[in-house]
Amino acid sequence: MKYHLRQALLAMRGNVTATLATLMTMTLTLLMLGFVLLLTLNVNRTIEQLEGQVEVAAFLAGDAQDEALLAQARAIPQVRDARLVTSEQVLTEMTQDTPFARDAAQLVGNPYPDTLRLRVARVEDTRAVATQVAALPGVEDVEYGAGYVDTTVRTLSAVRLAGYLLVGLLLLGTLFNILNAVRVAMYARRDEISVMRLLGATRGFIRMPHVLEGLIVGALAAALALAILTPAYLSLTERVQQLAPVFPVVRDTSTLAPLLGGVACLGILIGLLGSVFATRRYLQELE
Amino acid sequence: MIDFKHVTLEYPVTRTLALDDVSLNIGKGEFVYLVGHSGAGKSSFMNLVLKRALPSRGEVRVAGEPLSAYRGRRTSILRRRMGTVFQDNLLLPHLNAFDNVAFALRVTGVPQREWPQRVTAALRTVGLEHKKYALPLQLSLGEQQRVAIARAIVGNPPLLLADEPTGNLDPDNSREVLKVLQNVNLRGTTVIVATHARDLVETFRHRTLTLRKGKLVRDDPYGGYAL
């Protein structure tokens with residue numbers, strides 16, 4: 001193993017440009033991946049918070065069958081929770097926020113209708129639930145903050161999808177970089193490899209230094225990416241917490257450690273896979 | 001040791017007929033020359049024995065087994081039973097003579113503690129024990145070829161293939177290399193030498209196989225160069 005490791009380091013030294021190019025691309029990819037994953041984590045947390053807050057309010061007509069409508073609303077699969085709030089309860093709530101509401105009600109009567117208040121299981125289903133409830137006989141109007149919820153969900157989902165696409169492309173690019181670097185390294189050692197084959201070296205023996213090369217580059221890129229990403233994220237989220245405490249940023253170690261560990265493992269895995277493919281292909285071409 | 005039965009080798013890309021219906025047998029412990037003009041099929045013969053090529057028709061058996069039986073890891077094991085020496089000695093320029101020879105032991109997984117004794121013995125056989133720390137560039141072409149022979153025999157293979165081993169050498173060095181190959185043969189190793197060197201074939205007489213345009217045209221058990 002000492003021999004293979006030495007050969008791997010020699011191959012990397014003899015092929016510095018390709019090795020550095022691979023290392024940098026891979027580090028950037030892992031940084032990007034880490035960034036997107038952390039962003040997704042925070043987006044998910046924000047969406048969860050939204051899900052907890054978003055409510056569909058269905059205003060009922062005066063002659064509506066309140067209990068029957070409540071049962072119908074509860075039967076909608078996307079509805080997590082539904083409750084009936086009478087016009088009197090609404091007035092009481094409104095009076096808490098706006099004390100003059102009760103005075104006004106005494107003059108013109110209670111203006112608030114009985115209301116069904118629904119919570120959805122997934123925030124993305126809000127519009128669908130609102131549409132279904134609006135279609136029920138006896139429902140006069142529905143309100144769910146359409147503009148706010150729809151735009152937020154669409155933006156967050158688009159950001160998440162774009163991030164995944166970008167990371168996918170970068171991972172593919174990194175894989176090709178590794179393939180290329182290992183191939184160049186093997187080509188540089190072609191005489192030695194040719195001698196090895198004639199002397200009866202196994203494929204595993206010939207491939208080992210280059211597989212180690214991929215592994216080392218992957219591990220170095222992972223270490224570099226984590227060394228940049230972790231402090232940068234912690235400092236950024238600290239700022240966000242100070243400036244916009246409304247955003248539920250993730251900073252707990254128990255959530256961050258597995259995610260960052262996963263990014264590091266992926267870096268090592270990409271390095272390993274790239275070099276395994278490259279060495280296999282090179283030797284197949286020689287056969 | 002080596003058995004060719006109606007072997008034809010045609011390279012598919014160039015559609016060159018390298019060997020044409022060749023049948024022969026080389027027994028254990030023999031010393032055999034393979035002679036012929038350039039393109040006669042000598043290197044193709046070597047490539048088949050080394051399993052660097054497979055016959056288009058016919059059967060090649062090495063050590064009693066058909067080439068097709070040697071797959072994957074077994075190909076490596078087959079090659080460990082053969083020492084190979086080429087016109088270009090293929091020594092690794094950054095390793096000294098000792099390390100070049102030891103390289104054969106390293107790649108075949110021989111424990112490191114055995115290297116000094118075995119490498120020294122191989123270098124002694126080729127008369128270069130005193131130059132074990134010399135880099136290839138510090139050795140003459142003849143000496144480099146002898147180091148390549150030491151590397152080929154350090155694993156004690158039962159078969160040694162030498163493809164134009166004296167191609168780059170002057171007459172004196174060529175004779176030295178032939179003597180070394182004969183010594184290796186005297187230890188019981190089967191030696192096959194592909195060569196153009198008429199004087200060597202005439203001087204050190206052994207069984208001689210003559211190839212012409214891929215056909216085996218002569219198998220002379222007493223030697224002699226007759227093209």
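1. Contact here means heavy atoms within 4.5 Å. By that rule B:Asn96 touches B:Lys132, B:Tyr133, B:Ala134 and B:Leu135, leaving aside residues up to four places away in sequence.

2. This is a predicted model: local features need pLDDT of at least 70, side-chain atom pairs count only at pLDDT 80 or more, and totals for chains, interfaces and linings use all residues. Residues are numbered from 1 along each chain as its sequence is written, chains are lettered from A and ligands numbered from 1 in the order written, and side-chain values use heavy atoms, without hydrogens and water.

3. B:Asn96 sits in the loop between strand S6 (82-86) and helix H3 (97-107) of chain B. Helices (H or I, at least four residues) and strands (E, at least two) are DSSP runs, numbered from the N terminus. B:Asn96 is buried, at 15% relative accessible area (buried is under 20%, exposed over 50%, partly exposed in between; 1.4 Å probe, protein chains only).

4. The side chain of B:Asn96 reaches the backbone nitrogen of B:Asp99 at 2.8 Å. A polar atom of that side chain also lies 3.1 Å from the backbone nitrogen of B:Phe98.

5. Chain B is assigned domain 1 (1-81 + 157-227) and domain 2 (93-155); the bounds come from an automatic or database domain assignment. Their C-alpha centres lie 24 Å apart. Twelve residues of domain 1 of chain B contact twelve of domain 2 of chain B.

6. Across this interface the rule finds zero salt bridges (a side-chain nitrogen of Lys or Arg within 4 Å of a carboxyl oxygen of Asp or Glu). Helix H6 (residues 171-186) of chain B gives the most to the domain 1 side, with five residues.

How values were computed: Polar contact = N/O pair within 3.5 Å; in protein donor to acceptor, adjacent residues only side chain to side chain.
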